[in-house]
Amino acid sequence: MEKIAVIGAGLMGHGIAQIFASHGICASLVDLDRHTLDHAIQSIRNNLFLMAEFGLGLKEDIDLIVDRISTTTDLEQGVDQATFVIEAVAENLSLKQRIFHDLDALCPTSVILASNTSVISITEIALKAKRQERIVGTHFWNPPHLIPLVEVVPGDNTKAETVDATYKILLDVGKHPVKVKKDVPGFVANRLQHALWREAISIVANGIADAATVDECVKYGFGLRLPFLGPMENADMVGTDLTLAIHEYILKHIESSPSPSPHLAKLVGDGNLGFKSGKGFQEWSKDQIETSHRELQRYLLKTLKEKSQKSAD
Ligand SMILES: NC(=O)c1ccc[n+]([C@@H]2O[C@H](COP(=O)([O-])OP(=O)(O)OC[C@H]3O[C@@H](n4cnc5c(N)ncnc54)[C@H](O)[C@@H]3O)[C@@H](O)[C@H]2O)c1
């Protein structure tokens with residue numbers, strides 16, 4: 001593969017382009033906004049610099065990698081010659097449908113068209129395109145250059161060859177792709193994540209524990225095991241019989257509302273948007289916000305470094 005195109009150069013798009021460029025593939029970044037494109041290139045430079053500081057890549061390669069990335073505000077120009085296209089525009093169904101309609105018309109049939117949607121059905125996104133067999137979900141995680149997982153999701157009309165080829169492409173650029181069997185909203189990982197968040201919010205709303213305590217329960221408890229022990233292996237480890245006994249007792253007490261929590265809706269209604277406003281479930285000073293972003297980045301870089309050392313050994 002010589003060239004890919006990424007549509008949308010925001011938070012996710014620039015990191016996705018970086019992944020491919022770091023593996024020797026030219027990437028064309030397309031956005032409506034020229035300022036976003038310039039900012040994307042600067043962010044990629046910063047990411048690569050920080051990675052090199054942690055021994056993940058070399059500082060002398062940064063210019064070479066960045067030179068593989070071109071930017072444009074013209075979709076047709078951006079996808080020209082690309083053999084793989086990833087859409088990473090805002091999470092809006094009609095916008096994504098329009099883009100896939102246009103991509104379908106612009107790109108030869110051999111080109112795979114992927115969406116980085118977080119939760120929207122791939123079948124629905126592909127609905128306005130003629131050749132839906134080559135449209136697939138590739139759900140990267142933020143920050144995409146540091147989190148290995150990509151969920152590969154077929155729509156109802158996606159061909160198995162499209163899924164297999166996408167899986168292989170992602171493997172070749174160092175990601176950890178997984179194949180999701182069915183196109184359901186939220187796929188696998190966001191369903192798991194938001195099942196946990198719904199319960200966490202419910203615990204706070206019902207005065208069972210405050211927000212900081214909920215996070216402590218995760219960070220100092222079962223969260224420590226999670227990188228090594230997923231819930232399915234854990235259920236087998238403790239025994240399916242114990243898992244059944246616990247579920248028989250507890251499930252009726254766990255939050256099962258199909259709607260967002262009124263507590264969450266009130267926070268948003270009051271303008272308490274979390275880091276964005278300095279207050280959400282908890283209060284955040286500028287310093288705390290900066291520290292949180294910085295330490296998360298460092299933690300992910302260290303983890304990735306350890307993983308790459310292990311696989312090299
Ligand atoms: N932010 C996350 O943590 C995260 C994680 C996984 C997946 N996603 C998904 O990735 C997608 C992008 O999210 P993001 O956080 O990068 O959004 P973002 O708002 O940071 O970036 C979206 C970019 O798309 C551009 N855009 C809008 N319409 C366009 C068009 N017609 N042509 C070209 N560019 C256009 C915007 O100018 C913007 O720069 C969404 O579907 C989101 O759900 C986000």
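Q: Hi! In which sense do strand β7 and β8 pair?
A: Strand β7, residues 149-154, pairs with β8 in the parallel sense, over four bridges. Two strands count as paired if DSSP finds at least two bridges between them. Strands here are DSSP runs (E, at least two residues) and helices are H or I runs of at least four, numbered from the N terminus.

Q: Which residue in β8 does Glu151 stand opposite?
A: Glu151 faces Val178 there. One caution: this is a predicted model, where local features need pLDDT of at least 70 and side-chain atom pairs 80 or more, while totals for chains, interfaces and linings use all residues. Residues are numbered from 1 along each chain as its sequence is written.

Q: Got it. What order do the strands of the sheet follow?
A: The open sheet has eight strands, in the order β3-β2-β1-β4-β5-β6-β7-β8, with mixed pairing. Its edge strands, β3 (69-72) and β8 (176-179), each pair on one side only.

Q: Switching topic: how many residues surround the ligand?
A: There are 24, and the closest are Gly8, Gly10, Met12, Glu91 and Asn142.

Terms used: Near = placed C-beta within 6 Å.
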